[in-house]
Amino acid sequence: MRLQDKVAIVTGGGSGIGRGISLRLAADGATVVVADLDLDAADRVAAEIADLSGRATGVQVDVRKQDSVQAMVDATVDTYDGIDILVNNAGVGKIIPFFETTEADWDFMFDVNCKGVLFCSQAVAKVMIEQGRGGKIVNLASQAGRRGEALVLAYCASKACVISMTQSMALALAEHKINVNAVAPGIVDTPFWEEVDRQFATLLNMEIGEPKRTFTQSIPLGRIEQPEDVAGAVAFLASSDADYITQQCLNVDGGNWPS
Ligand SMILES: NC(=O)c1ccc[n+]([C@@H]2O[C@H](COP(=O)([O-])OP(=O)(O)OC[C@H]3O[C@@H](n4cnc5c(N)ncnc54)[C@H](O)[C@@H]3O)[C@@H](O)[C@H]2O)c1
């Protein structure tokens, strides 16, 4: 199995894409620390993995807080004796027009989506450097980070920041054989997009479900994305098949965005 004997942390692993990534990394042989603000959700995913004969533990983390992130990393090292893979998946988003975007909205998205990526990557990279066997960091960007949207200013900016941070971290960590890459999903069928659909519906005066249907119709591959679609790309970037790939952001969006 491609990730046999690897230890992976997946933040936001209790729901949606993070759940899909946790299940996939475990199926590929990794031991998975499912880390989430919602401990019950993390424990449920860890139990699903155990039911499938995989190895996993649920851990509570708030990626916005450095002491909480350090506790997650320490618990992982204590239990599994190292870390090989970090997936910075925890993220939040809100659909808000330009003029209505408040400081609190901005902080909410940048604290989780950007500061969280920084804190988790710093804490895990220190362990990886000490271990001396390299590692893989995969960040969840978004097609929203590829271009602006009139109703999505702060979220788009936070995901563009993730793409930029991926490049800087890849350069900072290359000498330690730590590869840092990102994936940019499109419209993924998760609880996150249920909420996004409701917020677009209100702003665009549409029925609930209509924004999702409308946006999905323009996807070249003709269907909404599933967490498993993202998980396959993340598993590849977390594996030795991606040893010579770093600083990249891979679009995994059904062809929605060209570059
Ligand atoms: N769903 C999409 O269409 C889509 C598209 C592109 C990118 N993304 C990105 O993919 C990632 C996962 O999205 P999803 O759709 O699975 O969302 P989701 O809402 O289903 O899951 C997000 C998880 O992150 C956890 N979380 C939130 N704040 C946290 C914090 N401070 N500390 C730790 N955990 C926290 C939540 O508890 C939840 O379990 C996010 O980064 C999101 O921005 C999603």
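**Around the ligand**

Author: Happy to. The ligand is surrounded by 28 residues, and the closest of them are S15, I17, D36, Y155 and T190. Please keep in mind that this is a predicted model.

Reader: Which side chain has a polar atom 2.6 Å from an oxygen atom of the ligand?

Author: Let's go through the polar atom pairs one at a time. For L37, a backbone N or O atom is 3.3 Å from a nitrogen atom of the ligand. For V188, a polar backbone atom lies 2.8 Å from an oxygen atom of the ligand. The side chain that places a polar atom 2.6 Å from a ligand oxygen belongs to Y155.

Reader: How much of the ligand's area does the protein bury?

Author: Start from the ligand taken alone, which exposes 840 Å². The ligand sits in the largest pocket. Of the area exposed by the ligand alone, the protein buries 92%.

Reader: Which element gives the largest share of the shell around the ligand?

Author: Two or more shell residues come from each of α1 (16-27), α5 (153-173) and α6 (191-204). The largest share is three residues, and the element that gives them is α6.

Reader: How do the shell residues divide into nonpolar, polar and charged?

Author: The shell holds 28 residues. They split into 16 nonpolar, eight polar and four charged.

**Single residues**

Reader: Is D62 buried or exposed?

Author: First, its place: D62 is in the loop between β3 (55-60) and α3 (66-80). Its side chain makes a polar contact of 2.8 Å with the side chain of R64. The relative accessibility of D62 is 11%, and the cut-off for buried is under 20%, so D62 counts as buried.

Reader: What about N179, is that residue buried or exposed?

Author: N179 belongs to strand β6, and β6 spans 178-185. Because its relative accessibility is 8%, N179 counts as buried.

Reader: Where does K177 lie, and is K177 buried or exposed?

Author: K177 is found in the loop between α5 and β6 (178-185). Its phi is positive, about 60°, although K177 is not a glycine. Most residues other than glycine have a negative phi. With a relative accessibility of 62%, K177 counts as exposed.

Reader: What is the phi of N205?

Author: N205 sits in the loop between α6 and α7. At 73% relative accessibility, N205 counts as exposed. N205 is not a glycine, yet its phi is positive, at about 55°.

Reader: And M206: buried, exposed or partly exposed?

Author: M206 is also placed in a loop, the one between α6 and α7 (210-217). The C-alpha atoms of M206 and A150 are separated by 17 Å, and the two residues are 56 apart along the chain. The relative accessible area of M206 is 27%, which lies between the cut-offs of 20% and 50%, so M206 is partly exposed.

Methods: Residues numbered from 1 in each chain as written. Predicted model: local features only at pLDDT ≥ 70, side-chain atom pairs only at ≥ 80, totals over all residues. Heavy atoms only, no water. Near = heavy atom within 4 Å. Polar contact = N/O pair within 3.5 Å; in protein donor to acceptor, adjacent residues only side chain to side chain. Areas by Shrake-Rupley, 256 points an atom, 1.4 Å probe, with all protein chains shown as cover. 1 Å grid on protein atoms, 1.4 Å probe; cavity = no way out; pocket = protein on both sides within 12 Å on 5 of 7 lines; lining within 4 Å. Sits in = over half its atoms within 2 Å of the grid points. Helix = DSSP H or I, 4+ residues; strand = E, 2+ residues; numbered from the N terminus. Nonpolar A, V, L, I, M, F, W, Y, C, P; charged D, E, K, R; others polar. Buried < 20%, exposed > 50% of the residue type's maximum accessible area, 1.4 Å probe, protein only.
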